[in-house]
Amino acid sequence: MAQLTMIQAITEALRTELKNDENVLVFGEDVGVNGGVFRATEGLQKEFGEDRVFDTPLAESGIGGLAVGLALQGFRPVPEIQFFGFVYEVMDSISGQLSRMRFRTGGSFNAPVTIRSPFGGGVHTPEMHADSLELLMTSTPGVKVVIPSTPYDAKGLLISAIRDNDPVIYLEHMKLYRSFRGEVPEEEYTIPLGKADVKREGTDLTIISYGAMVHESLKAAEELEKEGHSVEVVDLRTIQPLDIETIIASVEKTGRAMVVQEAQKQAGIAANVVAEITERAILSLEAPVLRVAAPDTVYPFSQAETVWLPGVKDIVETAKKVLTF
Amino acid sequence: MAAKNLTQLDPKKTLQEIEEKFEMFQILNEEGTIVNEKANPNLSDEELVELMSRMVYTRILDQRSISLNRQGRLGFYAPTAGQEASQLASQFALEKEDFILPGYRDVPQIVWHGLPLWQAFLFSRGHFMGNQIPEGVNVFPPQIIIGAQFIQAAGVALGMQKRGKKAIAITYTGDGGSSQGDFYEGINFAGAYRSPAVFIVQNNQYAISTPRELQTAAKTIAQKGIAAGIPSVVVDGMDPLAVYAATKDARERAIRGEGPTLIETVCYRYGPHTMAGDDPTRYRTSETDSAWEKRDPLVRFRTYLEGKGLWNEEKEVVVIEKAKEEIKEAIKKADAAPKQKVTDLINIMYEENPYNLDEQLAYYTEKESK
């Protein structure tokens with residue numbers, strides 16, 4: 001099996017689906033000759049031609065609207081928003097239009113669109129590049145939201161996203177693009193959307209996370225193991241819809257839970273997970289479900305980001321509170 | 001009936017006629033010769049020398065910024081070489097009370113408009129103090145979202161108009177930026193209110209890798225002003241005198257209450273898009289690069305000034321040394337800025353902290369004291 005980085009796994013998934021389905025179109029700013037600013041589309045224009053893989057003029061709202069229109073013509077658009085911080089420019093196309101296509105036409109049209117976009121902190125970008133804005137998407141009924149944490153998951157989830165007949169927002173954490181390699185089968189495979197993955201089994205505490213914070217959570221679990229705590233780490237992989245079954249099963253097993261997210265604390269994914277757990281499993285809980293998240297400021301100017309971003313220490317500290325409650 | 005009417009229409013011809021009118025405005029050609037004496041803004045000798053000095057200084061600033069970035073002593077940086085005439089000659093046409101809304105490549109203009117260089121370096125390093133604009137300096141921090149500054153410029157200009165100020169708002173974007181909705185909205189709003197704005201599109205031929213031809217079917221970007229009903233012009237963006245004259249003219253019209261102008265400055269960015277991994281060899285040829293380098297703004301302006309006896313190597317060396325010295329000082333000053341803390345950032349969110357930020361302030365105060 002090949003050892004690939006996450007960005008290579010993403011390119012592989014795009015190549016697989018461009019091959020499988022002639023309706024798949026890949027487009028966005030600099031995705032053609034340049035292969036994308038992170039090289040996610042490297043070589044794809046050469047392989048599949050300018051009809052299938054093409055550069056757009058510089059306009060995020062244009063890219064979103066184009067995806068809606070192409071979907072109406074039966075295509076399966078896979079546009080790229082160069083950085084997810086630019087999503088504000090395309091909010092109407094996503095939250096006002098794409099997400100409502102099936103609903104407002106009473107099911108006569110649907111939007112099999114997958115919007116890919118890099119996001120995430122820790123790589124010293126300028127403003128509006130690193131923000132975790134997934135909550136803007138999870139507050140939009142009608143879209144699914146996927147955030148992979150490993151190369152293996154990235155490929156299988158992206159193939160599923162592209163094949164899905166509803167719009168999927170597929171967010172790629174920049175720090176994970178090249179920071180490590182993982183085993184990725186050369187053949188095609190899918191990972192169902194809406195299914196979490198238990199990345200580490202444990203019996204004393206459940207840490208629920210997604211994206212880059214899965215790795216921080218796994219490191220924290222190792223630290224806690226040294227002190228005799230057995231920690232389970234659940235990687236959500238899809239943050240809308242949530243895999244309630246896996247979350248609740250884990251919480252019922254451990255009786256203690258916490259949620260770790262990179263985004264600011266206010267109105268986040270973690271708050272939503274906590275609400276689901278308390279509504280469904282309060283009698284299994286030995287302690288309040290706590291959150292680890294970034295503070296409620298705008299994403300920081302890059303000099304302060306290492307302190308601002310949640311890390312292993314914050315997770316261990318909060319885990320101990322939950323474990324000793 | 002309908003068919004007969006249709007034969008009388010020739011929308012293609014209308015477009016062709018409009019496009020033909022957008023000839024490139026030039027005063028000083030590549031050889032450093034004045035080719036349009038009538039339009040010569042007749043800057044004084046002192047002003048010519050000052051403008052040349054600023055261009056040389058800024059070229060050095062660009063070179064130093066690139067190497068400081070490579071050494072890890074600067075952060076985000078978008079190279080400016082090739083765009084000195086477009087950036088500096090347009091700023092040179094302004095008065096202090098005019099307000100600049102820059103894109104992220106437009107740091108030189110705001111520095112020459114009064115932002116201390118050490119702050120520009122802090123902006124590059126990702127420190128909030130870099131964006132703390134000193135009292136009396138009429139600039140906004142560099143905009144990251146492409147085109148967002150265009151519509152804000154319409155707002156600043158409308159505000160100036162309402163206050164009865166004799167000043168303008170000036171804003172910059174690139175050829176890519178002219179595709180954003182914000183661009184059209186900005187020029188259209190300013191046109192609708194006849195507000196005193198000057199919109200500059202620095203057409204440096206590539207939006208990262210995407211060539212100008214892919215941005216739009218329009219032959220020029222300037223002609224987009226026609227749709228907004230505002231005067232517009234294509235200028236040789238590597239000719240400092242043409243850029244100065246066009247900006248001065250647009251400014252004067254705006255001050256007279258005649259509304260905004262769109263200026264397309266045709267230029268080239270010699271370097272990469274930014275220092276964060278862009279590789280221009282993937283999308284440009286060295287032949288294209290050298291063709292544009294022959295039109296270099298510094299080369300032609302130097303020739304022109306030398307011909308007038310206003311410039312020589314010694315003068316240039318003095319400017320270069322001054323630039324290097326001041327850059328060194330500015331870096332030192334940037335180094336001396338207090339380390340940015342999360343608690344600093346919490347305290348600039350609102351006038352008064354809500355409960356969550358109060359709690360987080362306590363948490364990070366402890367975390368950062370360790």
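The structure holds 3 cavities of 30 Å³ or more, a cavity being a set of points on a 1 Å grid over the protein atoms alone where a 1.4 Å probe fits but cannot get out. The structure is a predicted model, in which local features need pLDDT of at least 70 and side-chain atom pairs count only at pLDDT 80 or more, whereas totals for chains, interfaces and linings use all residues. Residues are numbered from 1 along each chain as its sequence is written, chains are lettered from A and ligands numbered from 1 in the order in which they are written, and side-chain values use heavy atoms, with hydrogens and water left out.

The largest cavity has a volume of about 180 Å³, volume being the space filled by probe spheres set on grid points joined across faces, edges and corners. Its lining (residues with an atom within 4 Å of a point) comprises 19 residues, with Ser65(B), Tyr77(B), Val107(B), Ala120(B) and Phe121(B) nearest the centre. Helix H6 of chain B provides the largest share of this lining, 5 residues; helices are DSSP runs (H or I, at least four residues) numbered from the N terminus. By class, 13 nonpolar, 4 polar and 2 charged residues line the largest cavity; Ala, Val, Leu, Ile, Met, Phe, Trp, Tyr, Cys and Pro count as nonpolar, Asp, Glu, Lys and Arg as charged, and the others, Gly among them, as polar. The second largest cavity, of about 50 Å³, is lined by residues of chain A including Phe119(A), His173(A), Tyr210(A) and Glu262(A).

Contact between the chains (heavy atoms within 4.5 Å) involves 36 residues from chain A and 38 residues from chain B. About 3,200 Å² is buried between them, 54% of it on carbon and sulfur atoms; buried area is the accessible area (1.4 Å probe) lost on being put together, summed over both parts. Of the area that chain A buries against chain B, 21% is supplied by Leu58(A), Phe301(A) and Gln303(A), more than any other three residues. The interface contains 2 salt bridges, defined by a side-chain nitrogen of Lys or Arg within 4 Å of a carboxyl oxygen of Asp or Glu. Arg282(B) forms a salt bridge with Glu42(A), and their closest N and O atoms are 3.0 Å apart. On the side of chain A that touches chain B, 16 residues are nonpolar, 9 polar and 11 charged.

Technical notes
Buried area = accessible area lost by both parts, 1.4 Å probe. 1 Å grid on protein atoms, 1.4 Å probe; cavity = no way out; pocket = protein on both sides within 12 Å on 5 of 7 lines; lining within 4 Å. Helix = DSSP H or I, 4+ residues; strand = E, 2+ residues; numbered from the N terminus.
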